[in-house]
Amino acid sequence: MTSFIPTTEADVVRSMPLIRKAGLYFSPSTQLYLVQDDEKPVGACGVVWVATSCKFKNQYVQPVYRGKGYFRAIMDFSIQEALNRGIHVVDATCTLMSVNEYIKRGAVIVHRYKTAGLVRVRLQI
């Protein structure tokens, strides 16, 4: 059973030291969640809440758990959290590895970064 536990950056790093190798850092305004399955840390996600929109930040699945539906579960959870707050616009900067999951949900690419293989997307929910 996948669970989403509100947490701190220190807890995320302690549970998944590889997250620093992925270059992920969290701003103080990010609401963080540790993603667990059967009490094993499989990933993390963050959301920055803005007045009428939100930004999904650092949605991450550890390499050993990729391809098993956890990123989709993170997306479902994050979208539901936004809807629960009455938010219907989501922005995210994502990797080429994850952009297809956003596009499947109707997101549009609003910017392609020249470096690092990143794109910024906007999703109406």
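## Basis and burial

A residue is termed buried when its relative accessible area is under 20%, exposed when over 50%, and partly exposed in between, with a 1.4 Å probe and protein chains only. By this criterion, 42% of the 125 residues of the chain are buried.

The model is predicted: local features need pLDDT of at least 70, side-chain atom pairs count only at pLDDT 80 or more, and totals for chains, interfaces and linings use all residues. Residues are numbered from 1 along each chain as its sequence is written, and side-chain values use heavy atoms, with hydrogens and water left out.

## Overall architecture

Four helices and seven strands make up the secondary structure of the chain; helices (H or I, at least four residues) and strands (E, at least two) are DSSP runs, numbered from the N terminus. Their order along the sequence is β-α-α-β-β-β-α-β-α-β-β. The radius of gyration is 14 Å, close to the 14 Å given by the globule rule for 125 residues, so the chain is as compact as a globular protein of that length. This radius is taken over C-alpha atoms, and the rule is 2.2 Å times the number of residues to the power 0.38.

Along the principal axes, the C-alpha atoms fill a box of roughly 35 × 35 × 30 Å. With contact defined as heavy atoms within 4.5 Å, 54% of the contacts between residues at least 6 apart in sequence join residues at least 24 apart.

## Strand S4 and its partners

Strand S4 spans residues 54-61, and six of its eight residues are buried, so the strand is largely enclosed by the rest of the structure. Two strands are said to pair if DSSP finds at least two bridges between them. S4 pairs with strand S3 (residues 40-49) in the antiparallel sense over six bridges, and the two form a hairpin with four residues between them. Within this pairing, Ala-44 has Tyr-60 of S4 as its bridge partner.

S4 is also joined to strand S5 (residues 89-95), here by three bridges and in parallel. Ala-92 of S5 is the bridge partner of Phe-56.

## Ser-78 in helix H3

Ser-78 lies in helix H3, which covers residues 70-84. Its relative accessible area is 0%, and Ser-78 is therefore buried.

Leaving aside residues up to four places away in sequence, Ser-78 touches Cys-45, Val-47, Phe-56 and Gln-59. One of these, Phe-56, is also the bridge partner of Ala-92 in S5.
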